[in-house]
Amino acid sequence: IQGDFRLDLGRTISAEAASLRISNPDWTESRNMLRLGSLRLEFDLFSILGDALLIHRLELVDIELELVENQDGKKNWTFGAETKPPTQKPGKEIKLPVGIEHLSLQRLKFSLSQPRRERPMVLKVDNIIAGQSPDDVAVLDGSGRLGELPFSLKGSMGKISSLLNKGPVTYQVSGKLGGASLRSEGSIDSLATFSRPQLDLNLNGPDIMQITQAMGAPKIAEGPFEANINIMPGGRGVSSRIQGKFGQLQLHADISAEKLTSTENMDLTARLSGEDLAAFADLLRLPPLPKGSFEIDTVLHSDNGHTRIEKMAADVGKHRMSLEGVLGAWPELKDTRLALQAEGPDLAEFSPTLTAIGLGQLPAGAYSVNALIEPSDTGLQVRPSKVTAGGYQATAEGRIFTGNQIRAELNVTGSGPDLSMVSRLVDLN
């Protein structure tokens with residue numbers, strides 16, 4: 001804190017501060033990660049002892065936040081050495097909801113720089129004001145720019161008294177980003193359990209590339225886009241449908257689950273297709289994948305840790321892959337039975353994928369993969385599974401011992417024109 005600081009104690013705790021800074025690490029180009037012109041905070045002291053922390057007023061003015069990730073994966077928002085989260089003892093989980101009567105953000109600039117982005121994403125907020133209306137509803141109003149695109153956002157949620165007591169709430173949101181529009185409304189019976197949620201969301205615009213450019217993201221498609229998300233009670237408990245068309249990228253998914261926040265017991269049917277898998281993988285921060293049009297179909301059912309894969313098929317250009325079977329609950333993997341088949345014109349197209357995860361180059365040429373895993377008394381049995389690629393052939397069979405410590409005993413035989421290629425693949429010296 002480089003400026004004035006004031007603290008008033010009482011039933012209402014009031015704090016004011018000016019000119020706050022959080023410095024960047026030495027490897028970044030700019031000096032500060034966060035600069036805050038002024039802060040004003042007022043909250044009810046006794047509410048800490050109740051069911052919800054009540055903040056009467058939170059005002060932030062002239063905020064500049066710069067997040068940076070470099071080529072080595074270092075992030076300026078990660079402080080100190082990474083540590084594993086402490087093991088939680090069983091017992092009642094304690095959460096303190098927060099209620100804010102008045103929130104004001106003025107002149108906010110947020111930037112995010114990452115290697116996968118073609119340019120930094122820059123969000124400038126003129127103002128965001130949120131408060132409580134006379135009829136006990138929280139209202140929100142904001143405007144600014146994302147890149148070169150102006151945006152506006154309005155919304156409401158209430159009633160606030162029900163929100164603080166984790167009871168039923170309803171909401172409405174509408175917004176614009178350039179020529180794109182967003183509308184959503186819905187309700188939920190209980191925020192504590194996320195029971196009986198209902199949600200409708202529509203997002204549409206003239207060109208998805210305008211949005212990805214504003215976000216600094218790589219191009220995944222261009223042209224008009226529209227997405228619809230519907231969530232309602234039904235099926236196993238909650239049913240969801242997602243339909244989207246983003247230029248040449250299309251998605252359709254139907255999901256039925258016991259809870260909106262869990263995938264433990266779930267039915268999923270999904271299809272995703274587009275013009276360039278490599279760009280889509282880059283957007284999701286996946287290892288590099290081959291360029292080309294793609295189509296992915298998935299049908300699976302999850303019950304108490306067991307997942308039945310009815311269909312998982314992917315076509316990428318002229319590459320084909322399919323996986324079917326049952327995946328048992330971890331770590332015993334009981335009743336696991338998986339069949340994998342794959343074929344394509346050139347296995348070397350996947351070399352960048354393996355290089356990204358620490359393996360070597362793949363041989364060039366047409367390939368095929370046929371693998372089968374079945375249950376056994378000791379865990380899993382790898383039936384004779386064959387891989388061919390160019391002039392190389394390999395067969396593997398054996399056992400996989402499951403449990404807390406998984407280990408395998410495999411017999412692998414193979415042949416090919418160049419042993420050094422195998423050495424480079426598994427990084428043998």
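**Exercise 1.** Which residues touch the most other members of the largest nonpolar core?

*Solution.* Start with the residues: this core has 39, and Leu60, Ile63, Leu105, Leu177, Ile211, Leu249 and Phe294 touch the most other members. A nonpolar core here joins buried Ala, Val, Leu, Ile, Met, Phe, Trp, Tyr and Cys through side-chain atoms within 4.5 Å, buried being under 20% relative accessible area with a 1.4 Å probe, protein chains only. Next, turn to the elements (DSSP runs: helices H or I of at least four residues, strands E of at least two, numbered from the N terminus): β4 (53-68) is among those supplying at least two residues, and β4 gives the largest share, six.

A word on the model: it is predicted, local features need pLDDT of at least 70, side-chain atom pairs need 80 or more, and totals for chains, interfaces and linings use all residues. Numbering runs from 1 along each chain as its sequence is written, and side-chain values use heavy atoms, without hydrogens and water.

**Exercise 2.** With which residues is Leu249 in contact, leaving aside neighbours within four places in sequence?

*Solution.* Look for heavy atoms within 4.5 Å. Leu249 then meets Ile220, Ala221, Gly244, Leu272, Ser273, Gly274, Phe280 and Phe294.

**Exercise 3.** How many residues line the largest pocket, and which lie nearest its centre?

*Solution.* Count the lining first: 44 residues. Then find the centre, where Leu340, Leu347, Leu362, Val369 and Val387 lie nearest. A pocket is an open set of points on a 1 Å grid over the protein atoms alone, where a 1.4 Å probe fits, with protein on both sides within 12 Å along at least five of seven lines; lining residues have an atom within 4 Å of a point.

Notes. Buried means under 20% relative accessible area, exposed over 50%, partly exposed in between (1.4 Å probe, protein chains only).
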